Protein chains: 2
Amino acid sequence: METITIKDIAKALNLSTSTVSRALRNSYEINPETKKLVMEYAERMNYRPNPIALSLKDSKSKSIGVIIPEIANHFFSQLINGIESIAYNLGYHVVIFQSHDSYEREVANTNYLVSRRVDGLLVSLASLTTNLVHFQELMEKGLPIVFLDRVPNDIETHKVVADNFTGSYEATEHLILSGRRRIAHLTSPIYLSITTERLAGYKKALEDYGIAFDESYVKYCLYGGKIEAENEAAIEELLTLPEPPDAIFTASDRLTTGCMSVFQRKGVRVPDEVAIVGFTNISVANLLNPPLTTVMQPAMEMGQQAVELLIRLIEHPQKNDLFETRSLKTVMTIRESSVGKTVV
Amino acid sequence: METITIKDIAKALNLSTSTVSRALRNSYEINPETKKLVMEYAERMNYRPNPIALSLKDSKSKSIGVIIPEIANHFFSQLINGIESIAYNLGYHVVIFQSHDSYEREVANTNYLVSRRVDGLLVSLASLTTNLVHFQELMEKGLPIVFLDRVPNDIETHKVVADNFTGSYEATEHLILSGRRRIAHLTSPIYLSITTERLAGYKKALEDYGIAFDESYVKYCLYGGKIEAENEAAIEELLTLPEPPDAIFTASDRLTTGCMSVFQRKGVRVPDEVAIVGFTNISVANLLNPPLTTVMQPAMEMGQQAVELLIRLIEHPQKNDLFETRSLKTVMTIRESSVGKTVV
DNA sequence: TTTTTTTGTGCAATCGTTATCGGGAACGTT
DNA sequence: AACGTTCCCGATAACGATTGCACAAAAAAA
């Protein structure tokens with residue numbers, strides 16, 4: 001794996017490495033003819049500066065690290081596509097790591113990316129992360145971090161989120177207007193920002209329509225490992241309530257499909273017995289049985305905005321503490337899984 | 001972002017950097033007491049060796065590059081999970097890049113990864129890649145590369161694939177045994193290995209059951225950009241044939257869901273009018289309408305085996321040219337989308 | 001006591017690149 | 001003739017870590 005270096009060029013052309021370096025960077029203090037000589041030779045030999053040497057020298061890498069819970073999830077893979085499209089155009093490379101919703105892996109990934117001198121970090125928190133010191137320390141050392149989707153409350157920086165409150169409000173309202181009254185909410189762990197925001201929207205809608213909030217209709221499910229069992233147990237509990245729900249609002253890809261699987265196995269008829277609205281970016285919502293009413297997050301756009309903010313932070317370190325939190329509108333698409341009860 | 005270096009430790013302890021370095025690597029020639037002193041101090045200050053400096057010095061990085069067409073695809077994200085699980089345990093980091101099925105991006109990603117001194121490459125070819133010199137040159141320079149899923153014919157190295165021929169044969173056979181005779185095949189570009197292998201299995205099954213092969217039943221679809229339009233046009237052609245197919249065997253996630261979308265829009269009844277079997281790892285096959293018969297690739301396992309082969313190649317550069325091509329069995333799951341015609 | 005061996009440590013080079021400093025040559029100005 | 005500019009270019013020192021070599025001091029052998 002021998003590659004050509006500046007030193008080789010210098011030797012071949014009988015120049016010093018400094019001259020070659022400057023010629024390649026088109027410095028004004030180099031004779032145009034020498035420049036041409038060097039550039040042509042470099043071109044011919046297909047010279048590429050060694051980014052590792054540059055990183056070592058400058059302590060930067062022109063790359064940004066992305067830490068997300070899980071790639072195998074449409075929301076996150078769209079997020080990545082958004083991130084990559086912008087980063088690529090701005091000359092940054094994107095290095096992706098999965099936390100698999102584990103705190104330890106999140107910390108390990110963070111450390112590795114930092115040791116690799118990424119210029120900044122884009123993070124969506126693992127669902128099991130409650131301790132944030134690993135990020136706080138880095139921010140104090142001046143590493144730019146932008147959070148997206150699953151963001152922490154106690155860290156001051158740019159954040160990009162979906163308007164979870166409104167999305168959730170609209171979903172719940174839609175179910176109410178479709179004639180449902182006993183609306184359950186299957187959601188993520190309580191210490192995630194998205195959980196509390198969505199819960200708030202759900203509650204507000206119930207309140208606005210004069211429906212009493214019933215805690216037993218809300219189930220918080222861990223992600224990770226044994227999702228199936230988790231789901232099944234939670235749903236089982238819902239279905240065996242004295243007054244079982246006539247609608248369910250699920251808060252993620254996994255929870256939604258998990259819920260539908262359980263309903264399918266148990267022979268629960270959707271939407272006749274229970275209506276479903278999913279807060280999910282699943283790509284085949286229209287092909288499901290029945291087609292699924294979804295609240296979609298603008299994942300691509302969220303990724304794009306987050307990376308823009310991050311790169312701005314990298315290139316113009318902020319004096320003032322004017323951090324913004326951008327909240328992007330969700331899109332509800334109504335399909336059969338939540339049609340009105342009047343049909344029955 | 002100041003981090004502690006070996007130099008800082010040396011200064012603090014009044015030693016030379018060489019002594020510190022050796023102490024940290026537990027060299028026999030260092031006084032046990034000095035060692036202890038250094039190690040404790042390093043521990044206390046949370047010292048981590050700078051991997052960039054090491055990469056520069058040794059021209060290796062303890063990381064492997066992965067180039068795949070698209071993350072937002074269950075097959076590939078499971079592949080990644082398989083790769084990561086093994087690589088992580090063996091002390092390697094995984095850097096993921098998407099080619100988005102573009103030849104140019106594949107080349108760009110390759111160059112970048114090489115310049116970053118990855119120790120090896122795991123590649124699933126972009127569907128638009130026909131020229132392989134960028135990989136061939138690297139292999140000649142000694143860079144270990146293992147291909148998986150979409151593998152090239154003309155490069156000698158380890159490869160890991162699904163048994164596309166048999167998987168395809170079984171799918172086709174299943175359709176035949178379900179009473180279908182006019183079986184279409186919607187597949188990827190012809191110059192991909194997976195395309196020809198699957199086509200061969202399809203043809204063989206037809207032949208074995210005495211059904212004439214009809215080229216007009218086979219449609220090759222480009223990936224990338226305008227998938228929808230591509231799909232729709234191809235399917236339109238199939239449906240308007242003098243003898244339209246009564247079954248369709250689709251060769252990828254995208255092709256399968258695209259096909260189902262078109263059928264849904266056009267009101268084509270599945271499986272009554274046309275049966276579908278998809279060569280896909282889509283996770284919600286059972287939730288689709290109708291539940292989809294699938295031939296699944298053992299994605300996780302393919303990733304694991306590929307990375308094992310790669311790391312073996314990295315750590316024990318091969319003398320002999322005994323490269324293996326591992327072919328892993330696919331799993332067919334029969335669901336309603338392909339039930340027998342006798343039902344009608 | 002002298003010589004040899006062992007033990008523990010430091011110096012300097014290396015990896016590829018660039019920034020800093022400095023200097024020689026050619027020219028212009030008094 | 002003496003000095004200041006301008007134009008090109010080179011030597012050197014970083015960046016962080018490892019390592020072959022040298023070398024002093026202490027211990028062992030003579």
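In the predicted model, helix 1 of chain B crosses helix 3 of chain B in a right-handed manner. Helix 1 covers residues 6-13 and helix 3 covers residues 32-44, and the two pack at an angle of about 125°, with 11 Å between their axes. Helix 1 of chain B is therefore oblique to helix 3 of chain B. On the side of helix 1, the contact is formed by B:I9, B:A12 and B:L13, and on the side of helix 3 by B:L37, B:V38, B:Y41 and B:A42. The residues of this contact comprise 7 nonpolar, no polar and no charged.

The C-alpha atom of B:R117 is 6.2 Å from that of B:S59, although the two residues are 58 residues apart along the chain. When neighbours within four places in sequence are left aside, B:R117 is in contact with B:S55, B:S59, B:K60 and B:S61, and also with A:I52.

The relation between the two chains was also examined. Chain B is superposed on chain A by a rotation of 179° with a shift of 0.1 Å along the axis, giving an RMSD of 0.2 Å. This is the relation of a two-fold axis. Of the interface residues of chain B, 100% are also interface residues in chain A, so the copies meet through the same surface.

Conventions: Residues numbered from 1 in each chain as written. Chains lettered and ligands numbered in written order. Predicted model: local features only at pLDDT ≥ 70, side-chain atom pairs only at ≥ 80, totals over all residues. Contact = placed C-beta atoms within 7 Å. Axes fitted to C-alpha atoms, helices over the stretch in contact; angles between N-to-C directions. Helix = DSSP H or I, 4+ residues; strand = E, 2+ residues; numbered from the N terminus. Parallel < 35°, antiparallel > 145°, perpendicular 65-115°, else oblique. Left-handed = near helix turned anticlockwise from the far one by under 90°. Nonpolar A, V, L, I, M, F, W, Y, C, P; charged D, E, K, R; others polar. Least-squares fit on C-alpha atoms with pLDDT ≥ 70 in both.
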